[in-house]
Amino acid sequence: MITGKEKSAQWKPAQPIAILIVAPFIMVAVVILSVLYGAKDMSFSIVLDAILHYDRENVDHAIIVTSRLPRVLAALLVGAFLAISGAVMQGMTRNYLASPSIMGVTDGSAFFITIAMILLPGASNLTMIMLSMAGSAFGALIVFGFGSLLRGGLSPVRLAIIGTVIGTFLSSLSALMATYFQISQDISFWYNAKLHQADMDMLLLALPLGLVGFILALLLSGSLTILSLGDETAVSLGQRTTVVKALAMIAVIAMTGTAVALVGKIGFVGLIIPHITRFLVGVDYRWLIPCSGVIGAIFLACCDLASRFINYPFETPIGVVTAIIGVPFFLYLIRTKGGGKHA
Amino acid sequence: MRKKKRLFGTLSVFALLIVVTIYISLTNGAFDMTVGEVVGTLLGTNDDPRFELIIFDFRLPRIVIAALVGMGLGVAGTVIQGITRNGLADSGILGINAGAGAAIVIFMFFFQGQISDLGTMGIMLQPIFGLVGGLIAALTIYFFSFKGGRLDTERLLLTGIAIGSGFGALSLYLSLKMKSADFEMATVWISGSIYNANWIYILSMLPWLLILVPVVFQKAHLLDLFQLEEATVTSIGVKVEREKSILLLASIGIISSCVSVSGSISFIGLMAPHIARSLVGTRHRSIIPVSGAVGMLLVLIADFIAKTAFAPNEIPVGIVVSIIGVPYFLYLLVKRKQ
């Protein structure tokens, strides 16, 4: 992996390496399952045929190449981006509840997308992704700005409350505008996070932009480990904390903005996955970030697969699936970690 | 004596404002009417069937529901803030609304397509289901936020938010499995709306309010005591836990009957008690009626905005309320810590 090869005493690389080796196999398995099963089950030979000898006239081929494949790839990508964003935010703010959907980042993004749909109908995919990123930055700015105005406003529970409430506000405004301009139907596609509208063009555009954030996060991972020990410690170790935080935020904005532009608001992935990963690989962000990425990718792709079968043959919005898993986990975190302590 | 006067004065002003709002709401809309026409129709002297239809079938039930829901949420919000001793508590934020809503959606789900067959009976049953859901939500919140012998304010809020989002997901999931006609009705609970108001709904919530609001008012003085230290209250001889349970149960009952007709409207239970406290002081016997009046006025205004601002499109009233409510919540958050 890109995470550097040097070994030091506190590294416990056995588990993370195992995860990073096994993960690709699981991913391939999930991709295959995801392409094979759905409203119409496909046989393996048709899938192979569709990829090797794509025939535009063949309906099955078309389903596989234009719908199933982009969908599972989008799920993997978005899962990874959201999970890494959450990990970065948790390390940066030392807040165990930090995550893109709780801190207003996804709502900011969706808010800008709503405005874009009104003011710039027919905007290009690239414009949408850029605006989505700008919206992520906007949401994060309001939430953290407001939080830092308050004494104790950056403590985990309080920031989560501020983030949720501001998120409610932004999404209410979005709903208001959507109603006024009669685009509620279009907007609800974003809100209910319908992965199946993911298309290849959008995916190819999102990939490099999100990857910028991913690489930035990897480059920052060492600094994040130090930062997660606390600001004073980081400063005394000679770290320029402001620069690291600003860059980390850019990474989050790039990844979350891309994710929301691709599939809409999906909650809880960025909250849960970093915790599970931390449990598995420890607190070194050089391992935590790539491992969160692969685990998040697999998690979301599995949720997507589940969303097709929970209420077969109808699809369940994937946000519902992640909430069913996420809410109990969230409650568990509040219960065990309490209000004042840091991650 | 002066306090009585002040309470009376405040209530009179609100009564006037409410009447004015109702008047504006009755006369304005897709079809404007004059005062004479409205009064004539209400008194039965003007028997133009168009006016009768608009007033009695569309505008009046909606206004009555907005008023009742606002009053209920205002009163229940005061009780919840009093019991939790938490000025940021609100049945919407705490997820009680979502719990009640989810239970009602479950009820609708099991009687899919039969709601109209069940008719009045079905609608009358909805608040009971709401009550069960609201109670489950309240118990869950209590279980998760009660730790080390005390109720932690912020953990309470965050737990409520989590519970609310869980029940919201459940409602969304079930509503998607419904037939499209029922789905229309179910989506109402997700953002809070009074658009399908009719007299049967009013009938279904009225008994709850008529019984439970007086119960709450009768026990209002206990809420004053709860603001003291627990040990002090017990030493006076009040069965604290018992009284708290009764008050909480009553307020969840009120909330459920409101949610069963209008869906989840947040922030009214947050704002109304604060406004009331700033107007008439700290005695709950004064706060409760004023809070009810404030809630009534707020929902009436919000519903008027919801139906006219972007006409012919309607905005769910819950969205209008949260656009006003969120800044207020943040303002309280800032003020509280200073």
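User: In which helix of chain B is B:P327 found?

Analyst: In this predicted model, B:P327 is found in helix α14 of chain B, which covers residues 317-337.

User: Why is B:P327 called partly exposed?

Analyst: The relative accessible area of B:P327 is 39%. Buried requires a value under 20% and exposed a value over 50%. The value of 39% falls in between, and therefore B:P327 is called partly exposed.

User: Which residues is B:P327 in contact with, leaving aside its neighbours within four places in sequence?

Analyst: They are A:F169 and B:S322. Contact requires heavy atoms within 4.5 Å. As for B:V299, its C-alpha is 17 Å from the C-alpha of B:P327, and 28 residues separate the two in sequence.

User: What makes B:S260 a buried residue?

Analyst: B:S260 has a relative accessible area of 1%. Buried means under 20%, so the label applies to B:S260. The residue has its place in helix α11 of chain B, residues 240-262.

User: How do you know that a polar atom of the side chain of B:S260 lies within 3.5 Å of the backbone oxygen of B:S257?

Analyst: The distance between that side-chain atom of B:S260 and the backbone oxygen of B:S257 is 2.9 Å. The cut-off for a polar contact is 3.5 Å, and 2.9 Å is within it.

User: Is A:D304 buried or exposed, and why?

Analyst: A:D304 is buried, because its relative accessible area is 1% and the limit for buried is under 20%. A:D304 lies in helix α12 of chain A, residues 285-309. Leaving aside neighbours within four places in sequence, A:D304 is in contact with A:S34, A:R71, A:A75, A:L195 and A:I318.

User: Why are A:R94 and B:R85 called partly exposed?

Analyst: The relative accessible area is 24% for A:R94 and 40% for B:R85.

User: How many residues of each chain take part in the contact between chain A and chain B?

Analyst: Chain A gives 37 residues and chain B gives 34 residues. The two chains bury about 3400 Å² between them, with 76% of it on carbon and sulfur atoms. On the side of chain A, A:R158, A:I161 and A:R335 lose the most area to chain B, together 19% of what that side buries. The elements of chain A that give two or more residues to this side are α6 (156-180) and α13 (318-337). The most comes from α6(A), with 16 residues. By type, the side of chain A divides into 23 nonpolar, eleven polar and three charged residues.

User: How many salt bridges does the rule find across the interface of chain A and chain B?

Analyst: The rule finds zero salt bridges there. A salt bridge requires a side-chain nitrogen of Lys or Arg within 4 Å of a carboxyl oxygen of Asp or Glu. The count of polar contacts between chain A and chain B is one residue pair, with both residues at pLDDT 80 or more.

Terms used:
Residues numbered from 1 in each chain as written. Chains lettered and ligands numbered in written order. Predicted model: local features only at pLDDT ≥ 70, side-chain atom pairs only at ≥ 80, totals over all residues. Heavy atoms only, no water. Buried area = accessible area lost by both parts, 1.4 Å probe. Polar contact = N/O pair within 3.5 Å; in protein donor to acceptor, adjacent residues only side chain to side chain. Helix = DSSP H or I, 4+ residues; strand = E, 2+ residues; numbered from the N terminus. Nonpolar A, V, L, I, M, F, W, Y, C, P; charged D, E, K, R; others polar. Buried < 20%, exposed > 50% of the residue type's maximum accessible area, 1.4 Å probe, protein only.
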